[in-house]
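These are my notebook entries on one chain. I set down what I looked up, topic by topic.

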Amino acid sequence: MGALSIVAALASGGLVGLVLGLVGGGGSILAVPLLVYVVGIGSAHAAIGTAAVAVTANALASLAGHARAGRVKWRCAAVFAASGMIGAALGAELGKAIDGERLLSLFGLLMVGVGLSMLRRRRAAEVPDVRLTRESAATLLPRLVPIGLTVGLAAGFFGIGGGFLIVPGLMLATAMPLPYAIGTSLVVVSALGLTTATSYAASGLVDWTVTALLVAGGVGGTIFGIWLGRLFAARKGVLEKGFAGVVVAVGAYVVLSTL
């Protein structure tokens, strides 16, 4: 790799980590277009496989802090992740079977749809102390399993962590507050990313040098993002809407560039 490519990979990882730390998720959706258009990975499938490994590593690093703060609902995470991993394994195989240009175009359309949904998102009623017990299982399991399976399918197909889908999915299934949904989602992101990454790595579709650079940049970006998030905590809604606008714009660019 040339010096310019190394700097581009580090900066891309930093940007993904920055978004993850700042708004609690969504940075992974930028990883694939950054790898294709900034770092210069020629294959959409290799970009997806590489992004999946890097996203998994960054999610595990972020999970440690949330777990120490007690913001992880482990039982809910386990059920959501287990069903999601089945979906991710199926989605990864489907993604590899599709032409790279078409897959990239579909990815762009997903970005536009996700960005628009983030702009229109409404906060639902919350249940502060959600617990998956024998008593609550009859209510929670029929929600957690199908939503987890669907989110996993999308995450595996597009090679993304899916945090921007998992967080609202957990809130929809359990009504847990946003801080707990963010912490819990990182367990699921790690599990789905690992499933997708394993599938792509087995097919030789991971650039390990770029992965290491993305992870290195992501660690620094996440630390800086968490610090900025605390600094601008009162304006987090504005930050999330700004990020949603960026996602829509990048998605539109990806679609237009593949036409």
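**Entry 1: a serine in a helix**

I first asked: is S199 buried or exposed? S199 is buried, at a relative accessible area of 11%; I take buried as under 20% relative accessible area, exposed as over 50% and partly exposed as in between, with a 1.4 Å probe and protein chains only. I placed S199 in helix α8, residues 178-202. Helices here are DSSP runs of H or I with at least four residues, strands are runs of E with at least two, and both are numbered from the N terminus. I then looked up the contacts of S199, contact meaning heavy atoms within 4.5 Å. Apart from neighbours within four places in sequence, S199 is in contact with A92, E93 and K96.

I also looked up S190, which lies in helix α8. S190 is buried, with a relative accessible area of 7%. With neighbours within four places in sequence set aside, S190 is in contact with T56, A59 and L60.

**Entry 2: basis and confidence**

I note that this is a predicted model, in which local features need pLDDT of at least 70 and side-chain atom pairs count only at pLDDT 80 or more, while totals for chains, interfaces and linings use all residues. Residues are numbered from 1 along each chain as its sequence is written, and side-chain values use heavy atoms, with hydrogens and water left out.

pLDDT is the predictor's confidence in each residue, from 0 to 100. I read a mean pLDDT of 83 for the chain, with 91% of its residues at 70 or more. Confidence is highest in α4, at 92, and lowest in helix α10 (residues 236-258), at a mean of 78.

**Entry 3: salt bridges**

How many salt bridges does the structure hold? I find 3 salt bridges, each defined as a side-chain nitrogen of Lys or Arg within 4 Å of a carboxyl oxygen of Asp or Glu.

The side chains of K73 and D129 form one of them, at 3.6 Å from N to O. K73 sits in the loop between α3 (44-68) and α4 (74-96), and D129 in the loop between α5 (100-119) and α6 (134-158), so this pair ties together parts that are 56 residues apart in sequence. K73 counts as buried at 14% relative accessibility, whereas D129 counts as partly exposed at 47%.

D129 also meets R131 in a salt bridge, at 3.4 Å from N to O. R131 is exposed, with a relative accessible area of 56%. Through shared partners, the salt bridges join K73, D129 and R131 into one network.

I turned next to E93 and K96, whose side chains meet in a salt bridge at 3.2 Å, N to O. Both residues lie in helix α4, 3 residues apart, or about one turn of the helix. E93 is partly exposed, at 46% relative accessibility. I note again that E93 and K96 are among the contacts of S199.

**Entry 4: a nonpolar patch**

Which residues form the nonpolar patch on the surface? I list I86, L90, L94, L149 and L153, which together have about 450 Å² of accessible area. Areas come from the Shrake-Rupley method with a 1.4 Å probe, and for residues only the protein chains shown count as cover. Patch residues have over 30% relative accessible area and no salt bridge; nonpolar side chains (Val, Leu, Ile, Met, Phe, Trp, Tyr) are joined within 5 Å, and like charges within 9 Å.

The elements giving two or more residues to the patch are α4 and α6, and α4 gives the most, with 3 residues. L149 lies in helix α6 and is partly exposed, with a relative accessible area of 37%.

**Entry 5: the glycine G21**

I located G21 in helix α1, residues 3-23. G21 counts as buried at 17% relative accessibility. Not counting residues up to four places away in sequence, G21 touches T222, G225 and I226. The C-alpha atoms of G21 and G229 are separated by 6.9 Å, although the two residues are 208 residues apart along the chain.

**Entry 6: record annotation**

I consulted UniProt, whose unreviewed entry lists "transmembrane region" for several ranges, including residues 72-91 and 178-201. UniProt positions are given in the numbering used here, feature names are shortened, and annotations may be inferred rather than shown by experiment. Over residues 72-91 I find 90% helix and 0% strand, with the end C-alpha atoms 26 Å apart. Over residues 178-201 the chain is 100% helix and 0% strand, and the end C-alpha atoms are 33 Å apart.
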